[in-house]
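Dear colleague,

I am handing over the structure that we spoke about, and I would be glad if you could look through it with the notes below at hand.

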Amino acid sequence: FMEMTSSQPYLLRAIHEWIVDNDMTPYVLVNAEMDNIEVPRQYIENGKIVLNLSAGAVSDLQLSNDYIMFHARFSGKAMEVSFPVDAVLAIYAKENGQGMVFNEETDPSPPEPEKPSGPSLKLVK
């Protein structure tokens, strides 16, 4: 079987659209300790940062399969923000917290299913 790409960017785009369509504010929680992350360092807390992805807060938002990128102002300073999709720990609506949490594990392949122990069903003829 071909290895499928991560579903995370597709889910992110869908939840982002859902939040925006409901006139709420999309927030993402990002693991700021990963590589290739350009975020305003002064807002990082406990290795994580929350970013507002609403149209009023950012411009040129790109939710690609690999990266999330946008321009925003922090304390009046313009900045290009970018981070890998797999750095996103959650996306949710600021107003009610509804959204989706992503697994913090970096390994995308699930463990092999364990063989069931105990009695197993046999076909009786």
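What follows is an account of the sheet, the core and one arginine, in that order.

Please keep in mind throughout that this is a predicted model.

I begin with the sheet, which is open, has four strands in the order S2-S1-S6-S7, and is paired in antiparallel fashion. Its edges are formed by S2 and strand S7 (99-101), and because each of these has a single partner strand, one side of each is left without a neighbour in the sheet. From one strand to the next the twist averages 20°. As for the pairing of S6 with S7, the two run antiparallel and are joined by three bridges, and Tyr92 is the residue that stands opposite Gly99 in S7. Helix H1 packs on this sheet, where it touches S1, S6 and S7, and the direction of H1 makes about 20° with that of S6.

The largest nonpolar core comes next. As a general matter, nonpolar side chains in soluble globular proteins tend to be buried together. Here the core holds 25 residues, of which Leu12, Val28, Val30, Leu51, Ile68, Phe70 and Phe83 touch the most other members. At least two residues of this core come from each of H1, strand S1 (26-31), strand S2 (48-52), strand S3 (58-63), strand S4 (67-74), strand S5 (77-84) and strand S6 (88-93), and it is S4 that gives the most, with four residues.

Finally, which residues does Arg13 contact, leaving aside its neighbours within four places in sequence? They are Leu63, Ser64 and Asn65, whereas Arg13 itself is found in helix H1, which covers residues 8-21. Two of these contacts can be described at the level of atoms: a polar atom of the Arg13 side chain lies 2.8 Å from the backbone oxygen of Leu63, and the side chains of Arg13 and Asn65 are joined by a polar contact of 2.8 Å. Arg13 and Asn65 are 52 residues apart in sequence, while their C-alpha atoms are 9.4 Å apart in space.

With best regards

Definitions and conventions
Residues numbered from 1 in each chain as written. Predicted model: local features only at pLDDT ≥ 70, side-chain atom pairs only at ≥ 80, totals over all residues. Heavy atoms only, no water. Contact = heavy atoms within 4.5 Å. Polar contact = N/O pair within 3.5 Å; in protein donor to acceptor, adjacent residues only side chain to side chain. Core = buried A, V, L, I, M, F, W, Y, C linked by side-chain atoms within 4.5 Å. Buried < 20%, exposed > 50% of the residue type's maximum accessible area, 1.4 Å probe, protein only. Pairing = 2+ DSSP bridges. Axes fitted to C-alpha atoms, helices over the stretch in contact; angles between N-to-C directions.
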